[in-house]
Amino acid sequence: MTQPETAVDHYVGMFESLDHAEAGGAGELRRRAMDRFAGLGFPTMKNEDWHYTSVAPIATRSFNRTGSPTSLSAGELDQYLFDSPDWTRLVFVDGWLAPELSSVHDHPGVQISDLSSMLREGGKVPQLGTIADHETVAFTALNTALMQDGAVITVAGNVEVAQPIHLVFLSAHPVPQAASFPRNLVVLEKGARATVIESYVGLRDESYLTVSVTEIALGEGARLEHIKVQNESAGAFHVATIQARQERDSDLHSFSYASGAELSRTNVNTLLDGSGSSCTMNGMYMVSGSQHVDHQTSIEHAQPNTTSREIYKGILDGHSHGVFNGKVYVRPEAQKTDGKQSNNNLLLSDHARVDTKPQLEIFADDVKCTHGATVGRLDEVALFYMKSRGLDAEQARTLLIYAFAADVLEEITVKPVKDALEAAVFARVRGGKLEMASD
Amino acid sequence: MLEIKGLRANIGENEILKGIDLTVNKGEIHAVMGPNGSGKSTLAQVIAGHPAYEVTAGSVTYDGQDLLDMEPEERAQAGIFLAFQYPVEIPGVTNAYFLRSAYNAVRKARGEEEVDPLEFLDVMEEKMKLVDMDPSMLNRSVNAGFSGGEKKRNEIVQLAVLNPRLAILDETDSGLDIDALRIVADGVNKLRTPEKSAIVVTHYQRLLNYIVPDFVHVLAGGRIVKSGGKELALELEEHGYDWIQNEQSAAGAGSRA
Ligand SMILES: Nc1ncnc2c1ncn2[C@@H]1O[C@H](COP(=O)(O)OP(=O)(O)O)[C@@H](O)[C@H]1O
Ligand SMILES: [Mg+2]
């Protein structure tokens, strides 16, 4: 079907009304991206990257940016945070930095700023827009044109940031049909190490849209632990892209957790652009009701001796729909590539559905790549075994569901996050089926 | 304690149990022997409440209650325990967590206080010694990657923790070497009291040297074809199951004549 012209026009109009100060140092980049978005339009299901996910609910509504952050008290945040006082925390409300809710700990060799003030001062942000693809990816183009605020993190060579940096994106929009466009950039120079956590949460039940992009540049031997936690409100639409570029011997350890939103799509992409570089991409999604959750990952092995490990797990109840598409490309020069991918899904209802599509494109001959995808139900034999030991049906189901998720959650190296997500899974599977996502 | 009358059970279209009568009183140990495929595990699983088996006729009462009307967990909570012939692997659930959940579920049903992880550790240490099990298994997933012998011993650890009134051991001896067999049998014997009963399902007489039964029943073709005292097990050992089957068909021929 053709999409209404108005959807694209709406955002073009929004772009035209950006004030000059805000467009700031990224004026040209924004304009180019807006042109690209106008040319591309919202993707349709004919686009093979969107084959199982219809963005019609987004394309047929007109979302508007909220001009300034809704004011919130610190107490309203508590339930969404798993950080501790010694972490640096930047809180963005409705897309804008909320300084009174944020705290940045000074650390030698670490620069943490918010994008909006960097651009507003007319400043250029090196590497911004050079990693994520706004030329061919519509949502990245839209985000780039309309990007509001986010974190710009630079860690100097060989500096290790021991405490995680927590970026919290809260949606508290005062009116329905609001949108935010968070944009982050994380640059780790040679040998640097850091942990960055992105949390997306919604405080209101109205429908709203979040379109975020995070660009990551890892220098030689750098190591980034990146965790994304998506707990948007039940009526939310969420499209996020994490795009990394890795130099030799660098390591990206990524986890994407998705349990909120009516419709969510998370892209996690990396380019292993230096020999010896590696990535681990893990994730978990847990949905019920009429939720739709889509993950698309892309690992491009561009140089020899690169390694990737990927495990995504999904738990689906109700009439929910899960989509997983894991792409692994091995370029001709990427000999000795070692890649492993798996996607396992647990269906808790007859109406839940999963489309899982591993996609390996291998152009080198000396490679080791495996993948596997499963869609299953709770093991009846195990359930009987547990009941025969006195556990009631609910307890037995809860334990089995939890056990399904446990090994991938175990991979999260930041303990407070791991504990919080384990508790969230446990709370949600209580009673042996998924409760509706609540906020 | 347990009274089985005219029990018939199907799996799918196939009738496996074709009229079983068996009464187990308090304090008694009954051995159920028989060739492979005769329905021994089916009988055990039906008593435990496996949903795949359909009971088509007969009754099973346990302490005067209609057992067939109870959920598997209610049976466990009421003191019935089945040591599985093929214990089930549950990746991702630790033995410690599983055992404590089971222990607390059974205690709760009996109106007793639930215990916390620390208290439970004390309970566990004692029970694991009983079957010479390494405490490190507590942190491993239930039966996952266990050897055949470890799985069987783990069943006995669970038995010891849950302390049932009616224990059913389904070929707990198969796959155990003689030392392990002795350890398991010793463990079971230590749990014996005059209040408790057991049904010991086995293909071989060997285990019955250690767990001495009061009665021996031979199951063949879904029926108990012969019952006797412990000496019946020895006769079977000597003559094999063919002996019973021949005797049966001879008796059948005689009655028709
Ligand atoms: N799940 C099943 N599906 C189909 N047939 C089964 C199943 N379980 C058992 N049977 C059949 O029932 C009969 C009795 O099996 P079982 O009770 O396991 O015997 P035993 O324990 O005495 O060796 C066998 O013929 C077996 O093939
Ligand atoms: Mg058997």
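How far apart are the mean positions of the positive and negative charges of chain B? In this predicted model, the mean positions of the 26 positive and 39 negative charges of chain B are 2 Å apart.

## Chain A

Chain A contains nine helices and 21 strands. Its radius of gyration is 21 Å, close to the 22 Å that the globule rule gives for 439 residues, so chain A is as compact as a globular protein of that length.

Of the 439 residues in chain A, 60% are buried. Among contacts in chain A with a separation of 6 or more, 84% are made by residues 24 or more positions apart. The accessible surface of chain A is about 16200 Å², and carbon and sulfur atoms contribute 50% of this area. Chain A carries 37 positive and 57 negative side chains, with the centres of the two sets 4 Å apart.

## Chain B

The secondary structure of chain B consists of eight helices and 12 strands. With a radius of gyration of 19 Å, close to the 18 Å given by the globule rule for 257 residues, chain B is as compact as a globular protein of that length. Its C-alpha atoms fill a box of roughly 70 × 40 × 35 Å along the principal axes.

Buried residues account for 51% of the 257 residues of chain B. Residues 24 or more positions apart supply 69% of the contacts in chain B with a separation of 6 or more. The accessible surface of chain B amounts to about 11500 Å², of which 47% belongs to carbon and sulfur atoms.

## The magnesium site

The magnesium ion (ligand 2) is coordinated by OG of Ser41(B) and OE1 of Gln85(B), at 2.0 to 2.2 Å. Ser41(B) lies in helix H1 (residues 40-48) of chain B, and Gln85(B) in the loop between strand S6 (80-83) and strand S7 (90-94), so the pair ties together parts that are 44 residues apart in sequence.

Ser41(B) is partly exposed, with a relative accessible area of 21%, whereas Gln85(B) is buried, with a relative accessible area of 15%.

## Thr42(B) in helix H1

Thr42(B) also lies in helix H1 of chain B. This residue counts as buried, at 9% relative accessibility.

Leaving aside residues up to four places away in sequence, Thr42(B) touches Ile16(B), Leu17(B) and Tyr53(B). Thr42(B) and Ile16(B) are 26 residues apart along the chain, and their C-alpha atoms are separated by 7.3 Å.

Note on methods:
Residues are numbered from 1 along each chain as its sequence is written. Chains are lettered from A and ligands numbered from 1 in the order in which they are written. This is a predicted model: local features need pLDDT of at least 70, side-chain atom pairs count only at pLDDT 80 or more; totals for chains, interfaces and linings use all residues. Side-chain values use heavy atoms; hydrogens and water are left out. Donors are N, O and S atoms within 2.8 Å of the metal (3.2 Å for Na, K and Ca); water is not among the atoms, so sites may look incomplete. Helices (H or I, at least four residues) and strands (E, at least two) are DSSP runs, numbered from the N terminus. Buried means under 20% relative accessible area, exposed over 50%, partly exposed in between (1.4 Å probe, protein chains only). The radius of gyration is taken over C-alpha atoms; the globule rule is 2.2 Å times the number of residues to the power 0.38. Contact means heavy atoms within 4.5 Å. Accessible areas come from the Shrake-Rupley method with a 1.4 Å probe; for residues, only the protein chains shown count as cover. Lys and Arg count as positive and Asp and Glu as negative; His and the chain ends are not counted. The place of a charge is taken as NZ of Lys, CZ of Arg, CG of Asp or CD of Glu.
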